[in-house]
Amino acid sequence: MEGPTPVSALIHAATMVTAGVFLIIRCSPIFEYAPSVLTLMVFVGAITSFFAATTAIVQNDIKKVIAYSTCSQLGYMVFACGFSGYSAGLFHLVNHAFFKALLFLSAGAVIHGLSDEQDIRRMGGLAKIMPFTYTMFLVGSLALIGFPFLSGFYSKDLILEIAYSKFTVNSHFVYWLGSITASLTGFYSFRLIYLVFFNKTNVINLTVLRNIHEISFGMAIPLMVLCFGSIFSGYFFKDIFVGPGTDFFKHTIQVSVTNATLINAEFIPV
């Protein structure tokens with residue numbers, strides 16, 4: 001799945017790697033009659049989410065950190081579907097598309113400004129030189145970690161609430177594993193920001209150091225559009241996707257009565 005950052009933004013945020021989650025959501029009438037498969041889906045999703053987050057912590061390629069982050073978020077979507085929260089999984093998929101595309105394109109701007117350097121150990125001190133790119137990267141990272149009232153907060157919080165509201169041993173295990181994964185997400189995101197934008201510069205080549213530059217206005221336009229989506233998509237889409245009583249999905253998603261936990265998730269203890 002390697003490619004230029006615009007291609008990475010496309011396949012990781014919107015099309016290829018999320019296609020499996022979309023297929024699970026569309027096959028909800030089948031999965032609802034296979035509770036053992038749903039349980040397997042919960043554990044596979046939760047363990048994938050945790051494992052990918054621990055892997056992202058030790059990566060030094062700027063794109064690999066973001067790519068493993070995608071694997072981690074896919075785990076969230078899958079275990080949401082395992083708890084029959086298909087609409088919450090799709091909600092997170094849509095929100096994730098905004099901030100992950102923003103992160104990949106911002107990473108592309110950094111790589112472009114540093115003459116194709118991708119190793120974060122050879123970066124540093126870019127916040128003052130590339131303030132626009134830094135701002136975009138920061139917004140994308142905050143949305144990814146679920147900072148309150150950005151897009152990722154609404155969907156990740158809801159997925160963890162769905163896990164908690166099942167009130168079984170399995171669901172509480174997944175809830176705590178998901179919460180630990182969320183803290184790991186914050187760790188590797190701010191590790192990335194610190195090493196790229198705030199650490200003392202480790203750019204050895206003086207020619208590269210002199211040529212570090214901010215992106216052009218044409219490259220900045222898609223970043224600004226994605227930044228707007230990363231901030232507001234969760235707020236605007238929450239009632240449409242997962243609001244009580246919404247008929248947005250009509251008959252495309254089917255959840256059995258015993259598995260309907262979206263209402264319970266809204267009324268769990270503080």
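Student: At roughly what angle do the axes of helix α8 and helix α9 cross?

Tutor: In this predicted model, the axes of α8 (residues 151-165) and α9 (residues 169-198) cross at roughly 155 degrees and come within 7 Å. Axes are lines fitted to C-alpha atoms, for helices over the stretch in contact, and angles run from 0 to 180 degrees between N-to-C directions. Helices are DSSP runs of H or I with at least four residues, numbered from the N terminus.

Student: Is α8 roughly parallel or antiparallel to α9?

Tutor: The crossing makes α8 roughly antiparallel to α9. Angles under 35 degrees count as roughly parallel, over 145 as roughly antiparallel, 65 to 115 as roughly perpendicular and the rest as oblique.

Student: Which residues make the contact?

Tutor: From α8 come K156, L160, A163 and Y164, and α9 gives S171, H172, Y175, G178, S179, A182 and T185. Contact means heavy atoms within 4.5 Å. By class there are 5 nonpolar, 5 polar and 1 charged residues. Ala, Val, Leu, Ile, Met, Phe, Trp, Tyr, Cys and Pro count as nonpolar, Asp, Glu, Lys and Arg as charged, and the others, Gly among them, as polar.

Student: How do I read the numbering, and what is left out?

Tutor: Residues are numbered from 1 along each chain as its sequence is written, and side-chain values use heavy atoms, without hydrogens and water. As the model is predicted, local features need pLDDT of at least 70 and side-chain atom pairs count only at pLDDT 80 or more, while totals for chains, interfaces and linings use all residues.

Student: What about α5 and α6, at what angle do they cross?

Tutor: The axes of α5 and α6 (residues 86-113) cross at roughly 175 degrees and come within 9 Å. That makes α5 roughly antiparallel to α6. Among the residues that meet are I66, Y76 and M77 in α5 and H92, L103 and F104 in α6. The contact divides into 14 nonpolar, 6 polar and 2 charged residues.

Student: New topic: how many cavities are there of 30 Å³ or more?

Tutor: The count is 1 cavity of 30 Å³ or more. On a 1 Å grid over the protein atoms alone, a cavity is a set of points where a 1.4 Å probe fits but cannot get out, and lining residues have an atom within 4 Å of a point. Grid points are joined across faces, edges and corners, and a volume is the space filled by probe spheres set on the points. The largest cavity holds about 50 Å³ of space.

Student: What lines the largest cavity?

Tutor: Its lining includes V65, F137 and Y188. α5 (62-82), α7 (131-145) and α9 each give two or more residues. The lining has 7 nonpolar, 3 polar and no charged residues.

Terms used: On a 1 Å grid over the protein atoms alone, a cavity is a set of points where a 1.4 Å probe fits but cannot get out, and a pocket is an open set with protein on both sides within 12 Å along at least five of seven lines; lining residues have an atom within 4 Å of a point.
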